[in-house]
Amino acid sequence: MTDQAPKWIWQHPDWPCFTWQVAEVHPRLQKCWRDLGILLGRSGALGPVDDPEAEARAALDTLLENIVTSSAIEGERLNIASVRSSLARRLGVKEPAGPPSPRSEGLAELMPDATLKPDSPLAVW
């Protein structure tokens, strides 16, 4: 590797043991918490969702959007129908089955774990 900063996080010499500057992180974290409060306030104004199927479908749409957007940032194009089908199966949402692929199955397993289990410890493979 050259003297340039690593391109990928796993190339960092201290991976996965990180340190950070509180003065840099704290204002951004405060903004995230404020934005989360605004989001929760707005979603709370919509009223409770008494339909578990509608709630599962909303989770499906949100997770799918996160996967597609994250993959686009990395320059990866996904078969959206395949990923949607894999997510729907995992979330118990009844939808027409699309053609599953190992990639869509992996993403459908990873994203719910990453977003719905925030207290789970990180692991290094």
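Helices here are DSSP runs of H or I with at least four residues, numbered from the N terminus. In those terms, P16 belongs to the segment before α1, the helix of residues 22-45. The model is a predicted one. Its mean pLDDT is 84, and 93% of the residues reach 70 or more. Confidence is lowest in α4, with a mean of 84, and highest in α3, at 90.

The peptide bond that joins W15 to P16 is cis, and its omega is near -5°. W15 also takes part in the 1 aromatic pair of the structure. Its partner is F18: the ring centres are 5.6 Å apart and the planes stand at 65°, so the pair is edge-to-face. The cut-off behind that label is an angle over 60 degrees.

With a relative accessibility of 40%, D51 counts as partly exposed. From D51 to R28 the separation is 23 residues in sequence and 35 Å in space, taken between C-alpha atoms.

Next comes α2, which covers residues 52-73. This helix has 22 residues, and the distance from its first C-alpha to its last is 32 Å, close to the 32 Å expected at 1.5 Å a residue. Its buried residues are A56, L60, L63, L64, I67 and S71. These residues lie on the same side of α2, because the arc they cover around the axis is only 105°. The spacing has a simple background. An α-helix has 3.6 residues a turn, so positions three or four places apart point the same way. On the other side of α2, the exposed residues are E65, A72 and I73. The cover over the buried residues of α2 includes α3 and α4.

Beyond its neighbours within four places in sequence, S71 is in contact with E76, L78 and L107. Just after α2, G75 adopts a positive phi of about 80°.

The helix α3 consists of residues 80-91, and S85 is placed in it. S85 is buried because its relative accessibility is 4%, where the limit for that class is under 20%. If neighbours within four places in sequence are set aside, the contacts of S85 are A97 and G98.

The description then moves to α4, residues 102-116. Its 15 residues should span 21 Å at 1.5 Å a residue, and the end C-alpha atoms are 21 Å apart, which agrees. The buried residues of this helix are S104, L107, A108, M111 and P112. They cover an arc of only 115° around the axis, so they sit on the same side of α4. The face turned away from that buried side carries the exposed residues P102 and A114. Among the elements that cover the buried residues of α4 are α2 and α3.

What do these helices build together? The largest nonpolar core has 12 residues: A56, L60, L63, L64, I67, V83, L87, A88, V93, L107, A108 and M111. Two or more residues of this core come from each of α2, α3 and α4. The largest share, 5 residues, is that of α2. For M111, the contacts, not counting residues up to four places away in sequence, are L63, N66, I67 and S70. Of these, L63 and I67 are also among the buried residues of α2, and both are listed in the core.

Methods. Residues are numbered from 1 along each chain as its sequence is written. This is a predicted model: local features need pLDDT of at least 70, side-chain atom pairs count only at pLDDT 80 or more; totals for chains, interfaces and linings use all residues. Side-chain values use heavy atoms; hydrogens and water are left out. Rings of Phe, Tyr and Trp (its six-membered ring) pair if their centres lie within 6.5 Å; planes under 30 degrees apart count as stacked, over 60 as edge-to-face and the rest as tilted. Buried means under 20% relative accessible area, exposed over 50%, partly exposed in between (1.4 Å probe, protein chains only). Contact means heavy atoms within 4.5 Å. The expected span of a helix is 1.5 Å times one less than its number of residues. The arc is that of the directions from the helix axis to the C-beta atoms. pLDDT is the predictor's confidence in each residue, from 0 to 100. A nonpolar core is a set of buried Ala, Val, Leu, Ile, Met, Phe, Trp, Tyr and Cys residues joined through side-chain atoms within 4.5 Å.
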